[in-house]
Amino acid sequence: MKMTEQTRGERLVASVAERARREIVQPVDVSHAVLRRLRQLRPEYAPERPMMWLTAGAIAAAAIVLMLSMPYLDLALDPLTVFLEQTAASAI
Amino acid sequence: MTTLARPIAWGVRIPARFAAHGTVMHSGAVAVGKAAVSDPVSEEDREDISASLRGDDSAYARLIARYQPTIGQQMWKYSRDPLVVEELVQEVFVESFVGLAQFRGQAPFVHWLRRIATRVGYRYWKKKSKRHEAEAILKREAPDIAVPPDDASPREAAEWLHLLLAKLAPEDRLVLTLHYFEGLDMNSIAERMGWTRTLAKVRAFRARKRLRVLLEESGYEND
């Protein structure tokens, strides 16, 4: 900070500051606290991500099962389908 | 070393300069088997930053352990309360993690941390000064502080300087703290604050004028 002339007070501040810079401060250990805070700060969706994949997989599997079971579902819903098919076949 | 059961994965996009660790450096220099000589970021920092971005919390814990003494030392210039200092140091490392993907690696990692620390400290002053404004209107608080003797300890000197600069507005206090307390010259202040040299000089000039007034009012300019 080179500026014109220093006043008496400024010279005093500079000399005290020179001493102050030699201060040895007490150490801090914030590792645990920082990591804990970071976990709390994590976006809300992050912990749910595996659950989201699981749900998507379950929905896909259910859709496939539904498609494969469609013919059997018709049977289950309408027991007369088999009778009608058999009648139709025997008529031929 | 702290290891969490769940890694701190944020799903951040890892910048290429850290994703391709050890192969392509940010400067474009190619490191074959060893670190490029021109790289301002140390090899261990680069490794830990890269791993932290991938969600390795123990890598970030290593970075904290490496730099918390430096940042702790710096934050003592912003507060003399050990609890506040600890909180501020925490804040610096939380902010640095959140912005880690933006670290460009064009200067040592500690420079980047120091810059964040300055911002955190300044923000603390601003918040504190707003809180105390109302009180200050009611009672003109200007506690007179005796000049520390020549054989005063560095701690006493630091206490005095802290009390003196605390009487200034945060923006003046910041420039003078960087200069007197941290011992930075004009170029370093400009670099730390992301200012031009001219802006740094203008701000320092104004701050110094106010310091002179304060010193005069406190009787330090008299013989």
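The exercises below work through a predicted model with chains A and B.

**Exercise 1.** State how many helices and strands each chain has, and in what order the elements run.

*Solution.* Start with chain A. It has five helices and zero strands. From the N terminus on, its elements run α-α-α-α-α. Now take chain B. Here there are nine helices and zero strands. Read from the N terminus, the order is α-α-α-α-α-α-α-α-α.

**Exercise 2.** Find what share of each chain counts as buried.

*Solution.* A residue is buried if 20 or more other C-beta atoms lie within 10 Å of its own. Apply this to chain A: of its 92 residues, 13% count as buried. Then apply it to chain B: of its 223 residues, 32% count as buried.

**Exercise 3.** Describe the side of chain A that touches chain B.

*Solution.* Begin with the counts. In chain A, 33 residues are in contact with 45 residues of chain B. Next, locate helices on the chain A side. Helix H1 (8-20) and helix H2 (31-41) of chain A each supply at least two of its residues. Last, sort that side by class. It divides into 19 nonpolar, five polar and nine charged residues.

**Exercise 4.** Locate the largest nonpolar core and name the residues with the most contacts inside it.

*Solution.* First, the count: this core has 30 residues. The residues with the most contacts inside it are B:Ile64, B:Ile71, B:Met75, B:Leu88, B:Val89, B:Val92 and B:Phe93. Next, the helices. From chain A, H2 supplies at least two residues of the core.

Now zoom in on B:Met75. Leave out residues up to four places away in sequence. B:Met75 then touches B:Val85, B:Leu88, B:Val89, B:Ala117 and B:Gly121.

Finally, look beyond this core.

**Exercise 5.** Divide chain B into domains and describe how they meet.

*Solution.* Take the bounds from the domain assignment. It gives domain 1 (1-139) and domain 2 (142-223). Then count the contacts between them. Nine residues of domain 1 of chain B are in contact with nine residues of domain 2 of chain B. Now sort the domain 1 side by class: two nonpolar, two polar and five charged residues.

**Exercise 6.** For chain B, take contacts between residues at least 6 apart in sequence, and give the share that joins residues at least 24 apart.

*Solution.* Keep the contacts in chain B that meet the limit of at least 6. Of these, 58% join residues at least 24 apart.

Note on methods:
Residues numbered from 1 in each chain as written. Chains lettered and ligands numbered in written order. Predicted model: local features only at pLDDT ≥ 70, side-chain atom pairs only at ≥ 80, totals over all residues. Contact = placed C-beta atoms within 7 Å. Helix = DSSP H or I, 4+ residues; strand = E, 2+ residues; numbered from the N terminus. Nonpolar A, V, L, I, M, F, W, Y, C, P; charged D, E, K, R; others polar. Buried ≥ 20, exposed ≤ 12 C-beta atoms within 10 Å, placed from the backbone. Core = buried A, V, L, I, M, F, W, Y, C linked by C-beta atoms within 7 Å. Domains from an automatic or database assignment.
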